[in-house]
Amino acid sequence: MTMAAAIESRVTETRAQAEATRVADVEIFRDMAAAEATWRALEGPGSVLTPYQRFDLLAAWQNQIGVQTGVEPLIAIARDAHRQPLMLLPFGIQREHGVRVASFLGDKHITFNMPVCRRDFLTTATRGDIDAVLDALRAPALAIDALALARQPRHWQSLTNPMALLPTQASVNGCPLMSIEVNAPPTDLISKSFRRRLKSKEKKLQALPGYRYLKAETDADIARLLDAFFIIKPQRMALQKLPNVFADPGVEEFIRRACHTALPDGGHAIEIHALVCDDELIAIYAGVADGDRFSMMFNTYTLSEVAHFSPGLILMRYIVDHYAGLNYSAIDLGIGSDEYKRLFCKTDEPIFDSFIGLNARGKMAASGLSAMAHLKRLVKQTPALMKAAQTIRGSLSR
């Protein structure tokens, strides 16, 4: 090969590498406050993120739960050659069985995990871009052995999640989803017959003094509804022989903080919908919303006799009509396959996990985590195994 040809070959190779990745640098923050300005800037209209990755929501989680469970924040921001942020990965590190594992902040309290991405980057991201970030996370000073990246949507706002470029596997559970067509008539979302049944049941509730549907806007309403929720929900879970996860360290404080945190668009980091009357909280559903989608996080309903009139289903009808009226494109009801969800959601959101080893020890750990997730999914997908697991869980909770 002539010298000129060799030079041309190297130039071509350099151009190909430049085209393969726009990530010129990855900045690591070990403190959420230090990353706040860039994070909030990436939450603007030129970016794509799920409402679960808003700074306000995850800061509330880290400050109330993360610090009590030993999570160390690690915020990775990928930048281009002009030092402009392209993508933010909100991770936290925990030690599991002697291995340091990085996962998305929020743990089990967050339904969906995804990077915060500039829209133009998300639409053109390559495996080279993602590998550049992984290379930065392999830095010895960070001492990260593996990544455990669970419950990631394959698409958000009809755009592909760039993390799907990594090796993936189906998540343990699906997430029931209701898609909403623009200007769809209400009967396309909830059938006439179902609406008639719910209206018939609601007549019983309408006889209660002060009965009404409420979307909580004021601090007083939020506090009153949450006070009732934290009384009712533990009793509901006890009746189902389930552990009270809301009693875990920091959980109640996180929920209260997020529900009271106002967003620039006028909503709250967690929004609350409820059916109430003068004497009691009848039903409550709470979740996150971003102008395009509502995603439910937690719910409960009264222990009184009016529970026989399906207040949870009636409240869901109000929620569907509310967000359809705002031209939202989707509503999801959170991870899990509870029967009531199928009354509203006919499809599932495709979600995936990725377990990536960053060193030799981490590769072994990632393999084990992947196998465990596969096993959990098998149990969930096999009725006989699921029944056996529920029996065992019930006996242990006695």
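Predicted model: local features only at pLDDT ≥ 70, side-chain atom pairs only at ≥ 80, totals over all residues.

Me: Ok, how many cavities of 30 Å³ or more does the search find?
Reply: The search of the whole structure finds 1. About 30 Å³ of space lies in the largest cavity.

Me: Which residues line the largest cavity?
Reply: Met87, Leu89, Phe91, Ile130, Val133, Leu134, Leu137, Leu147, Leu149 and Met163. By class, that lining has 10 nonpolar, no polar and no charged residues.

Me: And which helix gives the most to that lining?
Reply: Helix 5, with 4 residues. Strand 4 (85-96) and strand 7 (146-153) each supply at least two residues too.

Me: Switching to pockets: how much space lies in the second largest pocket?
Reply: About 350 Å³. It has 17 lining residues, and the closest to its centre are Glu43, Gly44, Leu49, Arg54 and Asp290. The lining divides into 6 nonpolar, 4 polar and 7 charged residues.

Me: New topic. At what angle do helix 2 and helix 3 cross?
Reply: Roughly 165°, with the axes of helix 2 (residues 32-42) and helix 3 (residues 55-64) coming within 11 Å. Angles over 145 degrees count as roughly antiparallel, so helix 2 is roughly antiparallel to helix 3.

Me: Which residues make the contact?
Reply: Helix 2 brings Met32, Glu36, Trp39 and Arg40, and helix 3 brings Phe55, Asp56, Leu58, Ala59 and Gln62. They divide into 5 nonpolar, 1 polar and 3 charged.

Terms used:
Residues numbered from 1 in each chain as written. Heavy atoms only, no water. Axes fitted to C-alpha atoms, helices over the stretch in contact; angles between N-to-C directions. Parallel < 35°, antiparallel > 145°, perpendicular 65-115°, else oblique. Contact = heavy atoms within 4.5 Å. Nonpolar A, V, L, I, M, F, W, Y, C, P; charged D, E, K, R; others polar. 1 Å grid on protein atoms, 1.4 Å probe; cavity = no way out; pocket = protein on both sides within 12 Å on 5 of 7 lines; lining within 4 Å. Points joined across faces, edges and corners; volume = space filled by probe spheres on them.
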